[in-house]
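Hi everyone, thanks for coming. Let's take a short walk through one structure together, so please have a look at it on the screen.

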Amino acid sequence: MIKTAQDIIIRPIITEKSMAAMAENKYTFKVLKSANKVEIAKAVEELFEGVKVEKVFTMNVPGRHKRVGRHEGYTSDWKKAIVKLKADSKKIEFFEGLV
C-alpha cells in the first residue's frame, strides 16, 4: 500500500500547548499510526511548500476510557507527531491565522 502525504498527516492539533510551541518552530499533527519519522517529515515537506523539517518527535497516545449511560468502552489509540522546522525554513501558513 502506497501512503500519500494526505494519508500520513490526518489533521493538525490545535491546543494551547501546541500554539505556545509554535514560537519554537514546532507544529503538532495527528498522524497515521503506522507512519515512521522519515515518512512524517517527507509528508510535511510535501504538503507545505518551502518548509524544511529539522526533527520529528512521535508519541503513541492510548485511547481513553469513556462512558455514556450504562455503555462503556475506549476511544481509539492514535499517534501524535511534533515537527520541528529548521531556523531558515518558511513558517506553515495554516497555523499563522490561529495565533
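Let me begin with charged pairs: the count of salt bridges here comes to 5. Please keep in mind that this is a predicted model.

One of these salt bridges is between Lys3 and Glu39, whose closest N and O atoms are 3.3 Å apart. How open are the two partners? Lys3 has 29% relative accessibility, so we call Lys3 partly exposed, and Glu39, at 25%, also counts as partly exposed.

Another salt bridge joins Asp88 to Lys52, and here the closest N and O atoms are 3.6 Å apart. This pair also links distant parts of the chain: Asp88 is in the loop between β6 and α4, while Lys52 is in the loop between α3 and β3, 36 residues away. Is Asp88 buried or exposed? With a relative accessible area of 58%, Asp88 is exposed, because the cut-off for that word is over 50%. Lys52, at 39%, is partly exposed.

Then we have Glu93 with Lys90, where the closest N and O atoms are 3.1 Å apart. Glu93 is exposed, with a relative accessible area of 56%, and Lys90 is partly exposed at 39%.

Now let's go inside. In soluble globular proteins, nonpolar side chains tend to be buried together. In our model, the largest nonpolar core has 21 residues, and the members that touch the most others are Ile9, Phe29, Ile40, Val44 and Ile92. Which elements supply at least two residues each? They are α1, β2, α3, β3 and β6. Helix α3 gives the most to this core, with 4 residues.

Let's zoom in on Val44. Setting aside neighbours within four places in sequence, Val44 is in contact with Ile9, Phe29, Val51, Val53 and Val83.

My last stop is Thr28, which you can find in strand β2. Is Thr28 buried or exposed? Its relative accessible area is 7%, and buried means under 20%, so Thr28 is buried. And what is around it? Again leaving out neighbours within four places in sequence, Thr28 is in contact with Pro12, Ile13, Ser18, Lys80, Ala81, Ile82 and Phe95.

That's my tour, and I'm happy to go back to any part of it. Thank you!

Definitions and conventions:
Residues are numbered from 1 along each chain as its sequence is written. This is a predicted model: local features need pLDDT of at least 70, side-chain atom pairs count only at pLDDT 80 or more; totals for chains, interfaces and linings use all residues. Side-chain values use heavy atoms; hydrogens and water are left out. A nonpolar core is a set of buried Ala, Val, Leu, Ile, Met, Phe, Trp, Tyr and Cys residues joined through side-chain atoms within 4.5 Å. Buried means under 20% relative accessible area, exposed over 50%, partly exposed in between (1.4 Å probe, protein chains only). Contact means heavy atoms within 4.5 Å. A salt bridge is a side-chain nitrogen of Lys or Arg within 4 Å of a carboxyl oxygen of Asp or Glu.
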